[in-house]
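Work through the following exercises with the sequence and the coordinates at hand.

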Amino acid sequence: MSDDIETLVARLPQLGDAVLVTLQLTVGGALLAMVVALLLGFGSRTRTLWVRGPSRVVVEFFRGTSLVVQFFWLFYVLPAFGFKLESMAVGILALGLNYGAYGAEVVRGSINSVPRGQWEACTALNLGPVHRIRRVIFPQAWALMLPMLANLLIQLLKGSALATYVYLHDVFFWTDQLRTATRDTFFSFTVGLVVYFVIAYVLTWGMNGLEARAKRRLGVVPTRPTLRDVLRVRPADPASPGTAPSGRPATGDDVATAGSQDDEAGARVATGARRGEDS
Amino acid sequence: MNGVWSWDRALQVLPELLDGLVVTVLATVVGMVIAAVLGLLVALAGRAPSRWVTAPLRLVVDFVRMTPLLVQLVFVYLMLPAVPGIVVGCVVLGVHYATYMSEVYRAGIDAVPRGQWEAATALNLPRGRTWRAVILPQAIKNTLPGLGNYAVSMFKETPFLFAISVVEMFTAAQTFGANTFSYIEPLTMVGLLFLLVSYPTSLLVRRMETRLA
């Protein structure tokens, strides 16, 4: 055991690099995913079929095929069509597109669950389309979508472990190297998993902070967030103050359910909003 | 696409992929059964009155939930060399998803109206009977859509089993690719097969959701 720890300490510098690679994948993938999610999420809500149709197809395509398949497809098949990508680019692209498609559903669902009165108020105030989204609808939807995006971010981090198989030296790769060096599977993998756990925790805290900030800007929570709000891992209790304005209980990782629950409520909201727009 | 894609090769690999699909579906079904049962147990244990039970349980659940499935699979596979990969795969998938499912159950149980509990107390039902006959039947109805969604998402995560050399659909494609130096047809077809199975299933789940709601 003490040998193990010595080897571990000797390998700490490499761990730094490995964490950096994992973080690059995660953050890069998340940024790309956010762009994809916003484009496709708003695209799925437009009235023009030429935008909505393709957006839906792309979303369902990337949600329906597996992340693993997409990852290796980009790595092995794309070069045959003349696009050779760096391993890192493959990782970021695969993670970004896959989780972007999931995120698009979150964006669409959250925008649909902004109460229709808000849309009507915008019409009453004669706000332009850009202004309406940027100043009224999106800030409210943003507070709603953040808990679900936080879950997706953790999923994305977990998916980034695939990068080892496209020859990137990420945390999983480092774990495997540690195993070879110590010949102790239990020790090395426990350390590796703990590293992932810590990264996931830190990311969750960051997202909790963002969520608290978004809610404070909406005026939902009158005071500054407590430390407990920021440090929690799960979505807050729906009964407690300071949860999503809709009061709809957010169910853990269950993005898909939440997304489609929103669909129904959203459909009602959307028709209402449309009526508002037309008048 | 001419000259790159070969229909002959695509047809040649198809039987192997379909064999793999059987393994994929098997792993999903077995994994889901484990996840559904274990998830319920975790959700029930999470309601224990003592902090000495719930706090460690939460830590373990969060740990499993927030670390990569891929690493967990390889970890368990290396730790238990005597156990065949498919068994490890099903169990690890099941345990991983049990941590997700426990959240769904928790939400489902919380969604049972308070009045039901009070009625059970008023009727002087014993605790076990309250759970079995009153609370759980209502809670489980709430959780069915969540169960379906996770079944679809677990189906899409079975390719991770390639790491522990279980020959499911993706591994079959990769082996074929490695032997013939052409990944294009097998990998593309795997993607399409996934879409072919998972998209109709997710539509079904969505229908179930609206019907139960």
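Predicted model: local features only at pLDDT ≥ 70, side-chain atom pairs only at ≥ 80, totals over all residues.

**Exercise 1. Describe the extent of the interface between chain B and chain A, and state which elements of chain B contribute to it.**

Solution. Begin with the residues: 47 residues of chain B are in contact with 46 residues of chain A. Next take the area, which amounts to about 4500 Å² buried between chain B and chain A, with carbon and sulfur atoms giving 70% of it. Then turn to polar contact, for which nine residue pairs are found across the interface, both residues of each pair being at pLDDT 80 or more. On the side of chain B that touches chain A, the elements that give two or more residues are helices H2 (51–65), H3 (69–79), H4 (85–110), H6 (127–157), H7 (169–180) and H8 (184–212) of chain B. The largest share of that side comes from H8(B), with 12 residues. Sorted by class, the side of chain B that touches chain A consists of 30 nonpolar, 10 polar and seven charged residues.

**Exercise 2. How many salt bridges are counted between chain B and chain A, and which residues form a salt bridge?**

Solution. The count between the two chains is one salt bridge. Glu60(A) forms a salt bridge with Arg206(B), and the closest N and O atoms of this pair are 3.7 Å apart. The distance can be checked against the cut-off, since a salt bridge requires the side-chain nitrogen to lie within 4 Å of the carboxyl oxygen.

**Exercise 3. Compare the UniProt features of chain A with the secondary structure of the model.**

Solution. The unreviewed UniProt entry places "domain: ABC transmembrane type-1" at residues 19–204 of chain A. Over this range the chain is 81% helix and 0% strand, and its end C-alpha atoms are 16 Å apart. The unreviewed entry also places the feature "transmembrane region" at several ranges of chain A, among them 141–166 and 186–207. Residues 141–166 of chain A are 73% helix and 0% strand, with the end C-alpha atoms 37 Å apart. For residues 186–207 of chain A the corresponding values are 100% helix, 0% strand and 31 Å.

**Exercise 4. Is Gly82(A) buried or exposed, and where is this residue found?**

Solution. First locate Gly82(A), which is found in the loop between helix H4 (67–77) and helix H5 (87–112) of chain A. Gly82(A) counts as exposed because its relative accessibility is 62%, and exposed means over 50%. Finally, the C-alpha atoms of Gly82(A) and Leu231(A), which are 149 residues apart along the chain, are separated by 47 Å.

Notes:
Residues numbered from 1 in each chain as written. Chains lettered and ligands numbered in written order. Heavy atoms only, no water. Contact = heavy atoms within 4.5 Å. Buried area = accessible area lost by both parts, 1.4 Å probe. Polar contact = N/O pair within 3.5 Å; in protein donor to acceptor, adjacent residues only side chain to side chain. Helix = DSSP H or I, 4+ residues; strand = E, 2+ residues; numbered from the N terminus. Nonpolar A, V, L, I, M, F, W, Y, C, P; charged D, E, K, R; others polar. UniProt positions renumbered as here; feature names shortened; annotations may be inferred. Buried < 20%, exposed > 50% of the residue type's maximum accessible area, 1.4 Å probe, protein only.
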